[in-house]
Amino acid sequence: MTTHYLVLSALLFAIGAVGVLLRRNAIVVFMCVELMLNACNLAFVTFARQHGNLDGQLIAFFVMVVAAAEVVIGLAIIVMIFRTRRSASVDDANLLKY
Amino acid sequence: MNGTTIPAPTIEYALLAPMLIVFGAAIVGVLVEAFFPRYLRKSVHVPLTLLALAGAFLMTVLQVVREGVPTTPSAMGAVAVDGPALFIWGLILVLAIVSTLLINDEDQFVAQAAAVPGSADEEEAVRSGYAQTEVYPLLLFSVGGMMLFPASNDLLIMFVALEVLSLPLYLLCGLARRRRLLSQEASVKYFLLGAFSSAFFLYGMALMYGYAGSLDLKAISAALGTVSGQNTLLLAGTAMLGVGLLFKLGAAPFQAWKPDVYQGAPTAVTALMASTVLVSAFGALLRVFWVALGNLDWDWRPVMWGVAILTMVVGAILAITQTDIKRMLAYSSIAHSGFILTGVIATGAFEQNQGALSAILFYLAAYGFTTVGAFAVVTMVRDAGGEAGHLSRWAGLGKRAPILAGIFAFFLLAFAGIPLTSGFFGKYAVFSAAVAGDALPLVVVGVVTSAIAAFFYVRVIVLMFFSEPAADGPTIATPTIGTSAVVALAAAATVVLGVFPQPVLDLAGEAASALFIR
Amino acid sequence: MGETITFWVLAVVSVAAALGLVFSRKAVYSALMLGVVMLSLAVLYAVQDAPFLAAVQIIVYTGAVMMLFLFVLMLVGVDSSDSLVETIRGQRFWAIVAGLGFAALLALAIGNVVFTPAVGVGQVTQAKGGNIPALAEMIFTRHVFAFEVTSALLITAALGAMVLAHRERVRPKATQRDLARARFSGPQPSPLPGPGTYALHNAIDMPALLPDGSVSAKSINRVLARHELEDDFTPTDPEKAAMIREALAKGEAEEREHGVEAEQPIQAKDAVIKEDGQ
């Protein structure tokens, strides 16, 4: 079974990598990176069971924390550039005033 | 629950004090942001940052002088504070102090990052003299991560450190005051590519864990001799870890981000990245490839050969085609990481490793100071719209500002590795280590590419001194004390390391004497 | 047996969803597909004796991270679909080739390894009295330093989001009195005419008509009109469409005169800066 799980994780990782190379929308690219991180986690959990120690599960937990922080920074940067480029500024949406 | 108690972990606070001071000061900086009025913040942040970095440096020195270099890992085996790590800490801290002076010095940073460029809000913020003082805590967090990265003793903490050092840099890149769109673009590019590469690093970690059953560098090294039948796992893991680390160095097939990010980021941040991040990433690379995978060197060396050659060639040749001074320095930084990689490859017996390691450490010190100085000069040559990036604007600078142009020419000569500059001894040390490590072809490539790069540096010098200045040429900003100090310090370091390199060479040799602890 | 069935079902679902994430044109679909992958992985964690991670995966990843993604997608516009024009020639082809090669290589690397039957984490967790106590002990002993350092990461994240998104008020907030004064000293103290007055119907995009049958420029919602023009959704009546176009142009000219920053100047400035920088 270990091999099955690992091949699945490799497949997901590769799909994520292709997505990063293919897509243009920064948010979608970032989602593909998240997919890659998830694939890594699956590999860690599988290896933890394979080796019979909990290190893998622990690392997967840390990866989730790191990914959460990375998402915050990444999305903040992406929102910043979106606002500049097409001025999707929430403050400009003042049509309902009158 | 069976009521088991968890034994309290032991942490060597004194040993880790430099890092803890930096992180602690960063947190205090966040509190300063929260509780101090706007007009006071900068005058609190700057001394706090400088004091913390200086204090951390002092603690590093004290540790070496009073207790010597520890021989076992600390913090429950997570952190390895050994000779190379202490040397790298000291180097990073000094370079960070210098970069802080540069960051503090002028209005390099955006007045209000959340205001859309070109909007009325931004003008208003600039007029009211706002400043994004969060830069200082972010800098400290990043420096903390940079210290942890090369000192990590297992891959998990290395991954966390990689993120701690990267995330603040992604942010800092996007905060330039002028040409904000370029800056924001640099930030997005750096972030997306950085996240992509750290995913590779992580998958490499997973495969390593699958191979060895542990993430300790020592355990991985031990598993090389005992685990059999899983070599593909090991090789794939090594390759992917390598991708993650080589990306941070900007080594060649993964160099694409470097020119863009270096050009777009505020120049002070570029100076920080070009010096400290390179130092830190080389420390981590050495730790992974020498400590964990040292016995696998027959397998990774051929690939590293290719990477080193490609990096030197790409860095030197693409530098010729550049017309922007910051991009040119970025390519120069790529070429220099190639030169240092020749030292990484030169492994062998114990003495050979010692020699190579001390050469790498010396090279990092020499290059770090020179590059900070070069970027400091770049901040001073200004146009109406900010720094004069285009090379044509630098024509005739030698006639307008002979001293500044002379110093810049000196830095360029140091990059080229002309004798009597620090660059010469750096290159000499690394190349002679590589020759001793049977990597002669690599050294030949290194010398040839140095010559190519030297051609370009000389072209810039000729441009500065032997062409007529343009009528509407850039102005030279009157340097403030900080910038002058940075330039003077960098020039002094370049001269001293070029004329009396022996003390620093000895220090690097001392740091490398016991190699890495496991 | 149960595990095998679960695995195959979820493997198919998650790979299909991952492909959907990469190939669907709308960003929101991609986000939902990613959610599906994350949920299937959570179940696979649970199957592999990692109940804590399964819960965290659902709470943190699907619950928080995915919601953040969706939130930002809504913020920047749900219809921000990708352009399908290749900017680098052959990029798509080579990306797919590289991806397939990479997948094959990884699969080979993994497939070549002969694994002994999995040990299973049952023994370790039993000894410590459960999955969570066992993990907790590791976090607070061997990996305590990594755990402490992640706090730096979280603070950085919070600080970064503040720096990039929080706009401090530069001038004092306008009071009711200021607003009233501004309104009465401006050109239009009364409310703008609503859409659809005297027209055939009163949808928001239908301009009001003046007594002589012409379109009232003041009643045109400029944001909607601009989108309509871009997407060719103008009224079928060509006369009316021309009027909207004209009114829109007039309104924009007025806006420029009044010194309100429109979209165009910013982008023009952008182009100038870009040229300058390279």
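Accessible areas come from the Shrake-Rupley method with a 1.4 Å probe, and for residues only the protein chains shown count as cover. This is a predicted model, where local features need pLDDT of at least 70, side-chain atom pairs count only at pLDDT 80 or more, and totals for chains, interfaces and linings use all residues. Residues are numbered from 1 along each chain as its sequence is written, chains are lettered from A and ligands numbered from 1 in the order in which they are written, and side-chain values use heavy atoms, with hydrogens and water left out.

**View 1. Chain C has helices and zero strands.** There are 11 helices in chain C. Helices (H or I, at least four residues) and strands (E, at least two) are DSSP runs, numbered from the N terminus. The accessible surface of chain C comes to about 16,100 Å². Carbon and sulfur atoms hold 65% of that surface. Of the 278 residues in chain C, 36% are buried. Buried means under 20% relative accessible area, exposed over 50%, partly exposed in between (1.4 Å probe, protein chains only). Take the contacts (heavy atoms within 4.5 Å) between residues of chain C at least 6 apart in sequence: 40% join residues at least 24 apart.

View 2. A salt bridge is a side-chain nitrogen of Lys or Arg within 4 Å of a carboxyl oxygen of Asp or Glu. Here B:Asp154 pairs with C:Arg142, with the closest N and O atoms 2.7 Å apart. B:Asp154 is buried, at 2% relative accessible area. C:Arg142 is buried too, at 18%.

**View 3. B:Glu185 and B:Lys189 pair within one helix.** Their N to O distance is 3.8 Å. Both residues lie in helix α7 (residues 180–212) of chain B. They are four residues apart, about one turn of the helix. B:Glu185 is buried, at 19%. B:Lys189 is partly exposed, at 32%.

**View 4. B:Glu468 forms a salt bridge with B:Lys399.** The closest N and O atoms are 3.6 Å apart. This pair links distant parts of the chain, 69 residues apart. B:Glu468 lies in the loop between α18 (440–466) and β3 (475–476) of chain B. B:Lys399 lies in helix α15 (residues 397–400) of chain B. B:Glu468 is exposed, at 62%. B:Lys399 is partly exposed, at 45%.
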